[in-house]
Amino acid sequence: MRLLPLAALSWLVVLRSGAREVRPSHAAFLSWRLIGYLLAGGAASLIIGNVFYFQALTNGGLGITIGGVQAGSILGGLWLGLLLNRDRPTTAQLAAAVLIVAGLAGIAIAQTQQFGDLWWLGLAFAIGAGTTYALANVFSRTVQRERPLLFVSQAVSMVGGGVPLALILVGRVAAGESIPIDGGSVAAVLLAGCFNAVALLTLTLAVRAATVATVNTIGSSTVVLSFIASVTLFGETSSAPMVAGIALVTVGIVVAQLRRRASRGSATALPEAATAEPAATEPSAAPEPAVTATEPASPPAAR
C-alpha cells in the first residue's frame, strides 16, 4: 500500500507519454539490460531489504537496527559503487565513512537498553538491509547515467518490488490468513506513501548527479535531524554516547564534502581562465578557414 502513490504517479506519467521506453518494439526502448537492473533493484530493496529490516528489529532492537542499516548503506555505497559503477571513493569519503560508522555505533549503544542473546544476528540483518538499499541505488545510478528517465525508472522499479509483494499478500490470504485492515491505518499508510514518493524521486535525481557513496553519506543526516527533532519537539533526554555519536556523524558528513567542494571550485575556475585569455591577447584575430578536402589538416599541436 505504501508503494501505491508512487506507482500510480509514475505509470500515469509513463502512459501519458506513450510508454515508448518500456515497449520492446519501439526505438526508444530502455533495453532489457537496464530493465533488469531496475527490476532487480526494486526487488532487492523492497522485498529482501525489508525482510532483513524486520528480522533486525526482532533480533537486535531499534538502536542496533538503525545503526546497522545506516552503516550498511554507507559501506555498501562505497564498495558496490566501486565494483559496479567504477566510482572510486575519495580519501575524504573513506575517512567520513569511518567517522559516521563510529558515530552510528555510539548511537546504537545509547538506544539499546539491553542486548539480547541474538543481537549479533540482528546487526547482521541490519547491515544486510542497508547493503540491499545501497545496491538499489547503484542500479538506479547505472540506469540514470545511460538514460536519465525519472518516472520510467520508478515505474519499472515499482514493478520489481510491488508485484512480488502483491503476490505474497494474495498467497497469504488464499492460504486462509486473516489480515485486518481499518480505514485509519489505510489513510496513514497512503499518506506515508506520498512522502515516500517524494523521497524516492529526489533520491533518483541525486544518484544521477552524484555517486552513491556521496548520496548515502549525506543521507546519514536523517539520524542527526531525528535526534534534533526528538529533543526539541518531544523533550526526550540524551546521553553522552548519543551526543558523541551524533557529533561524529555530523563531522563525517562535513568531511565527506570538503574534497568535493574544493575539486568543484578548481574545475570551474579553469574554463574561465581559458576563455578569458584569447580575448585579451588576440582581440582582432580572424576566424580560421575551414579545412577542405584538398587542404591537408594541420596536426593538433600546430593548430
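I take a cavity to be a set of grid points where a 1.4 Å probe fits but cannot get out. The model I am looking at is predicted.

Entry: cavities. I looked up how many cavities of 30 Å³ or more the rule gives, and the count is one. I noted about 60 Å³ of space for the largest cavity.

Entry: lining. I listed the residues around the largest cavity: Gly77, Leu78, Gly81, Asp87, Arg88, Pro89, Gln93, Thr211, Val212 and Ala213. Two or more lining residues come from each of α3 (62–85) and α8 (212–219). I then asked which element gives the most to this lining. The answer is α3, with three residues. Sorted by class, the lining has four nonpolar residues, four polar ones and two charged ones. I counted Gly as polar here and Asp and Arg as charged.

Entry: secondary structure. Read from the N terminus, the order is α-α-α-α-α-α-α-α-α-α.

Entry: burial and surface. The protein chain has 303 residues, and I find 35% of them counted as buried.

Entry: contacts. I took the contacts in the protein chain between residues at least 6 apart in sequence and asked what share joins residues at least 24 apart. That share is 85%.

Conventions. Residues are numbered from 1 along each chain as its sequence is written. This is a predicted model: local features need pLDDT of at least 70, side-chain atom pairs count only at pLDDT 80 or more; totals for chains, interfaces and linings use all residues. Side-chain values use heavy atoms; hydrogens and water are left out. Helices (H or I, at least four residues) and strands (E, at least two) are DSSP runs, numbered from the N terminus. Buried means under 20% relative accessible area, exposed over 50%, partly exposed in between (1.4 Å probe, protein chains only). Contact means heavy atoms within 4.5 Å. On a 1 Å grid over the protein atoms alone, a cavity is a set of points where a 1.4 Å probe fits but cannot get out, and a pocket is an open set with protein on both sides within 12 Å along at least five of seven lines; lining residues have an atom within 4 Å of a point. Grid points are joined across faces, edges and corners, and a volume is the space filled by probe spheres set on the points.
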